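Reader: I would like to go through the labels used for this model and see what each one rests on. Please set the values against the cut-offs.

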Amino acid sequence: MRKTVLFTITICLLALLSIGILIFITPGVSSYLIGKIIGSEVHISRFDYKYADKTIIVGLTDVKMKGKIDGNVGSLVFYVGIQGGLGLKGIICTDFDLRIVDTKGKTRIFPLFSDMFEIKNGKLQYGAKKFTINEIRINDFKPGKTFTFTVNIDNDYWFKGLCASGEGTYRIGLPDLKGNMKISALDLNRFSDGIEGKADINGDFKFEKREFSITGPFEVLGYKEIKESSKPVVLFTERIKGDVRLIHNDAETDIKISRMNFKGTMLKLDLKFDKRGLTHLELDSEDFIDLEAIRRCLNINNLTSTTVDVWNIIHAGKVRIKKLSLLNRNIFNAYLELKSALISYKKLQFKNVDGHISIDNNSLNLSGLRGDFKTSVFNGVSGVIPFSRDKVIDLKGEYTFNLTDVPFLFDVGEFNFRNGHTDGTIALTGSEKGGYTIKGAGQLSNADVVWKKASVTAKGSYEFNNDEIVFDPLILNKGATSIKIKGKWKKRFTDFKIKGFLDISEIKPFFIAQSMEMDGKMVIDLSVKYADDVFAVIGDINMDEVYFLLPGFIKKKSGILSSASIAIKKKDRNVSIDKLIYRLDIVGLNLKGTINDYKIFNFDVALDARDVESVAPLFFLDCETIGGDLELNASVSDLAFPVRRLPYIRGYADIKRGVLRLPWLKETIRDINLISYFKDDVFDIIANDTKFGKNTIKTGVLRIEGTDFPHFSLNINMENLEFDDNEAKMVGDFRIPVIYKNSLLSRAKGDMSFHTKRLKISHLKEGELFFNGFYDNRTLNIDSLKIDSAESSMNLRGSIDFSDPTPHVSIGGKTKNFLGKLILESFNKESHFIEGDTSIYGNIDSSGGTFTELTRNMNGNLAIHSRDGLIKRWNMLSKIFGLLNMSDILRGKSDMAKKGLPYRMMGATFQINDGVFVTKDFIIDSPSMLVTGSGSVNLKKNAIDAVVAVSPLQTLDAMLDKIPVLGNFLRKRDKGVLHVGYNVKGQLENPGVTLNFKDSVGLKTIDYFKRILVLPKEMLE
């Protein structure tokens, strides 16, 4: 507290003493002289005096002042003794209300001494400060001697109330005082802007040499929250108690607090302020304090220039303030001990942190920190973190890390850690300006790592330096897999040596097709490097103990020699194969080349396999295979995928006595004698005396010229070509391939010819086949397709357009016997069984991707004529005969269940529209009856809708004479032709047949004969 309070009181006392000089002067003169002394105009309303007990008592009533001292005094009484000389014995001033302008030393007041001074029941305003003086009493106020006093004052600026008592000595200037003082609601902010709150203090005080001090217990109430103040508050709390020593003088205020009880512990606090604010602070605690409580009341950022918000990093937990100081306004130091603290940095949280941290203006120092991250532990973390970007960070520590916590620190992609831990040491040095270096070393133990569906156990030692990790070694184990990895890894750089055994079962889900079986263990010795965007693999792979099976192609048993030696480099989308040597038993492959942009291949390849009979079992070849020799030596350039042009090839391929097994062929291709010559854009491939099953290719020549628009010539001459019924069924519902626009085949064109002396297929006994055609614009044009044999013939022409999206077929011509059975049975092969010489003539146009789609989408016309045949089974006719119920005919003439129905002629003409066959002239001419009909067969719906008439001829006429009722029903009056009509409707396999009581057949029987007679000449010949 500043000198203002005491100085104001002293001025008041001395002014009253000065008035005593004038007590024997008349009131008018007294008013004048008092006004001159105090610099104010004075008016005394009443002047009284009396004498008693050797004392003159002078009373002034209603004294009014105007000037530097302004206001009025209700009563002013002076006691003057006359015994032993004139002397002032006492002054009593009551009921006053004065305002004193701060004279700033311009008015000098000479004190008078008295046995007693008493001032009470008044108000005094000094400048802007107001005081309510309840009582001030001074006894024995003599120069150089000790006097006593009591003070009871209220104030609305410095405090709420002040009560003091004690003694003092006056020499020159202000007196020296000491005694006991009780201050209530002392406003601490009046000492400095750096501290706020109201304090109650009760203790001993001193005022010596213009310095005030007080020592004793205190209690502080009503601290403001930071958010309620625009001032940079350093320390604030709601309620504290303790012992204080407050020293105040003109230069500074010093507050020393001891035994301050705060949240269950004792604090010591030393604060110093000058006129500009806080200059010194010291704080420490005897025990740990809840961190949340201390961070609410201590604002470290207002004490230091650091940009690091310490309390925003350290959250929950406890802290012991071993030392916290601010010296000379700007030298800051803090030494804190943490217990079970929560530290967060960005999105990471460290729990149960114990240890020491110290903070100064320049850095954050860590010492012996220990804590948890998830289920992992770090300890012994020590070092310095400077606040300046130019200074060096230096941290060291140890860790024991649970690998399941790794995904919380790093993005591990598809890797998953199920178990294991690693421990080691770590050190961080460097600066933001110069860069950081992080180093360490550790040991990996029992790490269970999962990638997609594969898991592996890892262990080993490692060192790291910044983003570089060195394994020495890292050992991976799973099942029979045991791989040792030594080398270095960092971002955009890898240099590994990989050796060991790889269990094939561990990589099956990733690299092996479901159709392929593979098992066993391979030995690897590889060097893997990645630097400057170049990835390289060099080394050897041994697969002697590996078993693999690709059905229909190859089967390798464990123990058969198999190895590879590779040297491959990749940069961006370009691959360089410097070496690829593969051996499988006696088969050797040597390849080198380049792949540009994953699309364009350039390579040299050499394949050598002598006496392939020794490896025949590998390729599913029977033991009677005579073997063969394979040799390939070629240089290929500009092979691009997808293939839109042929590559340039130089070299040759030679196969002698070779064998080949294709999955879609039942028989193995044997005795392959093939020689191929490649001369850049001209390819010649020649095959001689090649066999597959019972078939033999006598000669085959393929010549291709050009790359962008290739022109080819294919000529095949076979001794024989045979397919039995089972092989024909294997074709099934074959799919017609599509050739897309801008593909290589869309730009190709060429001529083709095929000839075989002996063709045997299904029911065709033996014939000679000739084929000539040409291919252009994605269309195969059939100039001639002829088959000639003793019993059958075929002569077709047409085209097959392979263009996307749907192939299109157009065929015209005639056949005899060869396709007859196929066409008749296409209406339903399960319910029909027909024998006879059948001729077909017509033109068919259709589109579709499969054989079924082609038959269902047909358009065109077709005439079918069959002679001298036998219908052994036909569901429709069986149902019609059942309705007729003519046992004599069925038993004596046409027992279809046993012998079938013979016919002299059967035929029809069809108009075909979108898979619907429509006829108006279906006829079966049998010795026992005549069957005629009209209607449609829908192949898409597999349905029939027709009207059929049966005329039993002479036998039926004879029977009708003996059966009057039936005769009247069937005999046509005035027409002379007898027949029975039927509606045939439903599924082709088993249609519904019902009697038609009307004249259902639109044409008379004779008209059917006439239509058959006008069938194409070529068919009747």
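Reader: Why is threonine 481 called buried?

Author: Buried means under 20% relative accessible area, exposed over 50%, and partly exposed in between, with a 1.4 Å probe and protein chains only. Threonine 481 has a relative accessible area of 6%, so it is buried. This is a predicted model, in which local features need pLDDT of at least 70, side-chain atom pairs count only at pLDDT 80 or more, and totals for chains, interfaces and linings use all residues. Residues are numbered from 1 along each chain as its sequence is written, and side-chain values use heavy atoms, with hydrogens and water left out.

Reader: What makes the pair of threonine 481 and aspartate 503 a polar contact?

Author: A polar contact is a pair of N or O atoms within 3.5 Å; within protein, one must be able to donate a hydrogen and the other to accept it, and residues adjacent in sequence count only if both atoms are side-chain atoms. A polar atom of the threonine 481 side chain lies 2.7 Å from the backbone nitrogen of aspartate 503, so the distance is within the limit.

Reader: Which residues is threonine 481 in contact with, leaving aside neighbours within four places in sequence?

Author: Contact means heavy atoms within 4.5 Å. On that basis the partners of threonine 481 are Leu476, Phe501, Leu502, Asp503 and Glu506.

Reader: Is asparagine 249 buried or exposed?

Author: Its relative accessibility is 18%, so asparagine 249 counts as buried. The side chain of asparagine 249 reaches the backbone nitrogen of alanine 251 at 2.8 Å, and that of glutamate 252 at 2.8 Å. Leaving aside neighbours within four places in sequence, asparagine 249 is in contact with Arg210 and Glu211.

Reader: Why is isoleucine 541 called buried?

Author: The relative accessible area of isoleucine 541 is 19%, and the limit is under 20%, so the label holds. Not counting residues up to four places away in sequence, isoleucine 541 touches Met522, Val523, Ile524, Leu526, Ser563 and Ala564. Isoleucine 541 and phenylalanine 501 are 40 residues apart in sequence, and their C-alpha atoms are 9.9 Å apart.

Reader: How do you know which parts of the model to read with care?

Author: By pLDDT, the predictor's confidence in each residue, from 0 to 100. The chain has a mean pLDDT of 78, and 77% of its residues reach 70 or more. Over residues 223–233 the pLDDT is below 50, though this stretch has 23 contacts in the model beyond near neighbours in sequence. Where pLDDT is low, the predicted coordinates should not be read in detail.
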